[in-house]
Structures are given as C-alpha cells and as structure tokens.
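Hello,

Here is the structure I promised to pass on to you. Please have a look at it first, and my notes follow below.

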Amino acid sequence: MEQQLKEISVKPNKVAFQAAIVFSLYTLALVFIFKLLHIDTQDDHISVPTRIVSMICTYVPFILAILYAQSRHRTELGGYMSFGRGFSAGFKVAAYSGLFIALLYILYYKVLDRSALDSAVEMALEKAGDDQKAIQGVNMMKPYLAVFIGFGAAITYTIFGLILSLIGAAILKKDNPAV
C-alpha cells in the first residue's frame, strides 16, 4: 500500500526533463564539435570508423540518459519500480529529447549555422543529378528543410527511445516483495 501511494506522489517528470535537457544540449554541442572537426555525418563518403564513432557519440549518451532517468526514478520510489513506471520515465526522456533536439536543430540550421543548411541542400542537389523533378523538389523544400530535419530527428529519437525504454524498464524493474 505504501509503495502504491509513493508511486502516485512521485512522478518521473522532473528527472526525465532534466535528463532530456542535458542530452539535448550535449547533442547541440556534438554538432558543433563535428563541424569543428570537419566531420559531416550526412556525407556518403565518410569513412566507416568515423561513422561508427559518430554513432557511438550520438546514441550511447542517449541510452545512458534513459537508463539514468529510470534508475533515478527507481531510487526515488524507494528502490522498487514497476515496469510501467520504468517505461514511463524512459519514454518521457525520449519524447522530451526528441522535442528539444527538434527545436535545437531548427535553431541551429536557421540561426546558428545557415551554411550547414546550404551544404545539405547542395548534397541533395548533387544526389538529384540531372533529374529536373528532383531538383525542383529540393528547391521547393529548401525553406522548410530545417523543420523537416528537426521533425525527423524528433521522430527518430522518440521511436528509438520507445524501444530503449521498454528494454530498460524490463531490466530495471524491481517489484516490492511486501506488496
């Protein structure tokens, strides 16, 4: 009974929000670090080791942010946590992160580094080749490309986070034997 009352009063929102903010700011810093190191993760000709390192730098902290929020929430609940509460904590991190990263990407491409958006458009035009419809499509999408990049990142992080939250909740759940 006491555990159920504790679950009602203690919500994972604060810890999930904090983890998402920290991860989102880390992601923005990582974008600038990659830019400083002249690593373009969108380039098709990037070396395999560089691609692997960039994926590790991107996704391992995301996994850790979700697991941190879930384990911290379990601690707040007195060391016990149901699967549903663990999933909720992790998924909130994923959803908040997706939202914040989308906003930060839009800010990045529209305000902080407009040349990055121009570079993405140039790569798309190169891939289009001589296909006039593709070229026309790229030119029509140019004003909205930053929003689509942000939206794509939001969806990607949310879906990936959904899967990670399920796995993390299954691993970290610990039922109270007294209940």
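Let me start with Thr 27, which is found in helix 2 (residues 13-36); helices here are DSSP runs of H or I with at least four residues, strands are runs of E with at least two, and both are numbered from the N terminus. Before going on, please note that this is a predicted model, where local features need pLDDT of at least 70, side-chain atom pairs count only at pLDDT 80 or more, and totals for chains, interfaces and linings use all residues. Residues are numbered from 1 along each chain as its sequence is written, and side-chain values use heavy atoms, with hydrogens and water left out.

Thr 27 has a relative accessible area of 5%, so it counts as buried (under 20%; exposed is over 50%, partly exposed in between, with a 1.4 Å probe and protein chains only). Apart from neighbours within four places in sequence, Thr 27 is in contact with Ile 101, Tyr 105 and Tyr 157 (contact means heavy atoms within 4.5 Å).

Gly 78 sits in the loop between helix 3 (48-76) and helix 4 (83-112). Gly 78 is partly exposed because its relative accessibility is 44%. The C-alpha atoms of Gly 78 and Asn 176 are separated by 9.4 Å, although the two are 98 residues apart along the chain.

Finally, Ile 167 belongs to helix 7. With 45% relative accessibility, Ile 167 is partly exposed too.

Happy to hear what you make of it!

Best wishes
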